[in-house]
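Let's take a look inside this protein together.

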Amino acid sequence: MLFVFIALWAVASIVWLSDPGSAVNRRLGALAFSGGAGALAALLDLSWLPYAIKQGAGQSVQLLLYRLQAFSSVFSYYFVPYFFLLFALSYRGIQLKRAYALSLPWLLLIPIVLCTLFTPAYNTLHPITFTIVVWWAVPYIAAGAYLVLSKRVPPAAMARTHWMVCFAVLPPVLFAMAMNYILPSLGMLRMWVYNTWIVGLGTLVFVLGLFTYGFMGIRILIDRRRYDSTLRAVTSGTAMLNHAIKNDAGKLRLFGEKMKRYAIQTSQEELLADVEAVLSASRHMEEMVARVHRRTEDLTLRPERADLTEVVEEALRALEPSLGAIQLHVSMTKGWICSIDRAQTAEAVTNIAMNAIEAMNGQGKLTVTLTETKRELIIELADTGPGMDRTLRMNAFDPFYTTKRTGHNFGLGLPYALHVMRKHKGTLQMRSKKGEGTSFYLSFPKQAVLAEYHHTRTEERMR
């Protein structure tokens, strides 16, 4: 039981500290904490209290340990179903009116209060009245399991994280439902001793999740530090490059203005459109260079209210000359007004789209879609290129890693896009398989970008 106690309280600490403002994380942490309280009660019953007695501890110490054992045991039995159902409600994203959302946790406490007041007090053989508690604890857990399993998770990359949560949380809770409530209500007591292995399995899945796809939005800190340290290398030379790039951008603008005047004088509309594209690119270069801090590893966001779809479509329009025979299919709902950095968001989309275009080598299809979930707006860029093997997937976000053997590719596009998404408090995820193409998912948390929807129609464009 020592392993169960340490594992569950460690999980609770990680989940709580990762995002204290998230109701889902708070309730999942409370679930792990209440499960760990049951393991603490078992440790006191089987080991610590007998050891204290053997060592000649006084009556006051023995009474204190016994009361801690009683409290921990009853707390675990009563609150594991309670916190699991609250977690499931938050995780499923059930929309409730504010009054109902505030009162529901208190209403769910009613069975616990009634059992505390009107059932016999704790003893080591019958810590609770199982024949009564089973009638509300099992429905709580069953309802929670249904809510978790019925959660809709559209993008495949997000589905992996969802199933990681399911495999880590549901088996221990459902197993505990049988061992801690159903079987004891039938007279088979102290069945909780068999919970150790299933809790160990859930903890293993949790740890694997931290190192792979993430768990409830948490990624292992080692992974973040690796990216942060390598991003310092990306920006350490920007101070030296600033002056040269700014000069070249200035030359582009100077000659572009000269060509623009000539195009206007000679009424060459096509040339004028091309010159405007060059001038727009030069202004973008100057703006991006000006916003990079000298000798720092950070980029400064300049958020402004903008339609996320329009920002993405503007970035894609600039890439149309590079498409060749590639089909571009955009299906995005206009009307999501967000506080984002237009320039850097567009640059992140451009980097990912350019990688897709180059991977498809002039033939294929690039699909860009916008998906809304309860908490996020997710932009997916999916190509029909050759896909990536495991080695490429593992190194895709490493700065300076590239498979392109030209002098104009530095392997900084994806690390830059990842950094931009983190600055928006979002995520960038990738799904790829050799021979099946690659998909990238840019997830913007609605709360972080202050997303508001203004009704309009879905725009679709085929090329």
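Start with Phe84, which touches Leu31, Tyr140, Ile141, Gly144, Ala145, Val169, Leu170 and Val173, leaving aside residues up to four places away in sequence. Touching here is a contact, meaning heavy atoms within 4.5 Å.

A quick word on what you're looking at: this is a predicted model, where local features need pLDDT of at least 70 and side-chain atom pairs count only at pLDDT 80 or more, while totals for chains, interfaces and linings use all residues. Residues are numbered from 1 along each chain as its sequence is written, and side-chain values use heavy atoms, with hydrogens and water left out.

Phe84 belongs to the largest nonpolar core, which has 49 residues; Phe84, Phe87 and Tyr181 have the most contacts inside it. A nonpolar core is a set of buried Ala, Val, Leu, Ile, Met, Phe, Trp, Tyr and Cys residues joined through side-chain atoms within 4.5 Å. Buried means under 20% relative accessible area, exposed over 50%, and partly exposed in between (1.4 Å probe, protein chains only).

Helix 3 gives the most, with 14 residues. There's also a second, separate core of 44 residues, including Ile326, Leu418, Phe444 and Val449.

Zooming out, the chain has 17 helices and nine strands. Helices (H or I, at least four residues) and strands (E, at least two) are DSSP runs, numbered from the N terminus. Of the chain's 463 residues, 46% count as buried.

Why does Glu358 count as partly exposed? Because its relative accessibility is 37%. The C-alpha atoms of Glu358 and Leu323 are separated by 9.1 Å, though these residues sit 35 residues apart along the chain.

The largest cavity is lined by 40 residues, with Leu8, Gly35, Ser76, Val80 and Val199 nearest its centre. A cavity is a set of points, on a 1 Å grid over the protein atoms alone, where a 1.4 Å probe fits but cannot get out; lining residues have an atom within 4 Å of a point. Helix 2 brings the largest share of the lining, nine residues.

Terms used: On a 1 Å grid over the protein atoms alone, a cavity is a set of points where a 1.4 Å probe fits but cannot get out, and a pocket is an open set with protein on both sides within 12 Å along at least five of seven lines; lining residues have an atom within 4 Å of a point.
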